[in-house]
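Here is a short report for a first look. Please keep the sequence and the model in view while reading.

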Amino acid sequence: MGEMVKVALDAMGGDNAPGEIVKGAVEAINEKDNIYVILLGKEDAVKAELAKYTYDESRIEIVHTEDVIEMAEAPVNAIRKKKDSSIVKGMTMTKEGKADAFVSAGSTGAVLVGGTVLVGRIKGVERAPLAPLIPTAAGASLLIDCGANVDARPSHLVQFAKMGSIYMESVMGIKNPRVALVSNGAEEEKGNALVKETHPLLKECPDINFIGNIEARDIPLGTADVIVCEAFVGNAILKTYEGVGSVLIKKIKDSLMSSFRTKIGALLIKPALKQTLQDFDVDRHGGAPLLGLNGLVVKTHGNAKAVVIKNCLFQCAAFKEQKINEKIQEKINPIGE
């Protein structure tokens, strides 16, 4: 058994809370013996869900919270006023070292604000980016940033590239990951002002394997391992990915069920199709870590089911085992500087 990883889990966040959140926690500790979960939320509701399962009760703890931060609330006000919420308490536990990580399917704004204000950034990190893994034909690529910093500067994008490279090499096992900058053309002179200023900085950076600009259409091919952009562009890429993926899956299913002949064909290709769809399932990688903080914060989507929560907890374990924060600290703010 590896070192125990303590994860504070927001049991009240998301469309399927607390049921799917609790189920994911139970599945995670039943599959891996080095995860300890602290469920934050309304105690009665959480206990009622836990009563449905058999699990090692010594590895799940409940911390009662009275407040719930709703999706539509103003993030800054919610963090300031709702001190007894699952998000604020979970962030505080992570900051104080009582938990190694915090996971939430709740308000993205509150998680982003709480991560920066309550957990705080590692010394030298200018901005903390959200960095989800997205499926490609070659495996998975890290999209950084996808929602945290819509007005990023060139120096921020350089740090994103460094942190993304550390994550992909340490967690995903990709040696010398290829880094690309999102632009409207592969040529060096293409792009808006931010891209044009950032390109030469990445090109001169000795810490990363920069391969140049990348157009959005090349991202699904797996041309690069780390996709660098500011959050407005990243979020548009992520949402387009999700939308096109769901439409294609629906169209394929409709076509396969359209006639007796296609139904026979569907039975024949079902195993191969199932594997292909699994390869392009964004949920299998967990959530989007907010990189560069003094503790790990992972945000997953609001309609997350148990399998996503389970994978987020596995993700937290890998993050700690690979000492990602220590590596980011070393890369961003080396000793002696």
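Helices (H or I, at least four residues) and strands (E, at least two) are DSSP runs, numbered from the N terminus. This is a predicted model, in which local features need pLDDT of at least 70, side-chain atom pairs count only at pLDDT 80 or more, and totals for chains, interfaces and linings use all residues. Residues are numbered from 1 along each chain as its sequence is written, and side-chain values use heavy atoms, with hydrogens and water left out.

Y53 sits in the loop between helix 2 (43-50) and strand 3 (60-64). Its relative accessibility is 27%, so Y53 counts as partly exposed (buried is under 20% relative accessible area, exposed over 50%, partly exposed in between, with a 1.4 Å probe and protein chains only). The C-alpha atoms of Y53 and V117 are 36 Å apart. Along the chain, 64 residues separate Y53 and V117.

Contact means heavy atoms within 4.5 Å. The table leaves aside neighbours within four places in sequence.

| Residue | In contact with |
|---|---|
| Y53 | V22, K23 and V26 |
| V37 | V7, L9, A25, I29, R59, I60, E61 and L313 |

V37 also belongs to the largest nonpolar core, of 63 residues. Such a core is a set of buried Ala, Val, Leu, Ile, Met, Phe, Trp, Tyr and Cys residues joined through side-chain atoms within 4.5 Å. V37, L39 and V228 touch the most other members. Another core, of 37 residues, lies apart from it, with V88, M93, C146 and C229 among them.
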